[in-house]
Amino acid sequence: MNINKIVEQALESGYLTPTMEAEVGRLCDTSAELSNEEYLALDKLMGALLTGEVVAMPRKQFINVMEELVVSEVISRVAEIETTSNRLLDVGDIAAYALNRLPPLYATTEEGASFQREKAKKELTEIINNQVEQAISLYLERPNFHPERQALNKGSQSHNVFEQVTKLLQSQAPNYES
């Protein structure tokens, strides 16, 4: 969507949503130079915002308390496993798997978040623990496809990304010429 269409939509509906605002910002940031039409549209939008013809909708702040509960549980379990074995586990993969099988607990205030935490501790602790346990179990059982793969080194002084990609291509394509 372009700036003109976003402004037109805001003027028609009377609202500038956070998504529309973000898109206008992105378009302004990525454009080398705005056209006269775009400047006029932005000027029109500013005027409409100042007069109240268009209302900027506030961004709603919220959190999913379930995320913090699950991540916390995953970190403790992963730490136990990693200290007693030579396996490294991916907290993000495990948490995502468990979260996809648990109900969200959204809150918009600190009081709401506290309520959701207490509710989860009373009613959902066992379910959370079971889902995290299942996620870890599946993660540990998954086959190690292509164990010869190597991640590109981050921040390596001696190798830049081009050299790393060249080595990767050479290892995968024997007829590759550098």
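**Packing around Val70**

Modeller: Val70 touches Ala95, Ala98, Leu99, Leu102, Ile128 and Val132, where contact means heavy atoms within 4.5 Å. Residues up to four places away in sequence are not counted there. A word on the basis: this is a predicted model, local features need pLDDT of at least 70, side-chain atom pairs count only at pLDDT 80 or more, and totals for chains, interfaces and linings use all residues. Residues are numbered from 1 along each chain as its sequence is written, and side-chain values use heavy atoms, with hydrogens and water left out.

Val70 belongs to the largest nonpolar core, which has 21 residues. A nonpolar core is a set of buried Ala, Val, Leu, Ile, Met, Phe, Trp, Tyr and Cys residues joined through side-chain atoms within 4.5 Å. Buried means under 20% relative accessible area, exposed over 50%, and partly exposed in between (1.4 Å probe, protein chains only). Met66, Val70, Val74, Ile94, Ile128 and Val132 have the most contacts inside this core. Two or more residues come from each of α4 (65–84), α5 (91–99), α6 (110–123) and α7 (125–141). The top contributor is α4, with six residues. Another core, of 14 residues, lies apart from this one; Val7, Ala10, Met20 and Leu45 are among its members.

Now look at Gln131. This residue sits in helix α7. Gln131 has a relative accessible area of 15%, so it counts as buried. Its contacts are Ala98, Arg101 and Leu102, again leaving out residues up to four places away in sequence. Val70 touches Ala98 and Leu102 too.

Step back to the chain. It has eight helices and four strands. These are DSSP runs numbered from the N terminus: helices are H or I, at least four residues, and strands are E, at least two. Along the sequence the pattern reads α-β-α-α-β-β-α-α-β-α-α-α. Of the 178 residues, 24% are buried. Among contacts between residues at least 6 apart in sequence, 71% join residues at least 24 apart.

The chain exposes about 13000 Å², and carbon and sulfur atoms supply 53% of that. Accessible areas come from the Shrake-Rupley method with a 1.4 Å probe; for residues, only the protein chains shown count as cover. Val55 is in strand β2 (residues 55–56). Val55 is partly exposed because its relative accessibility is 43%.
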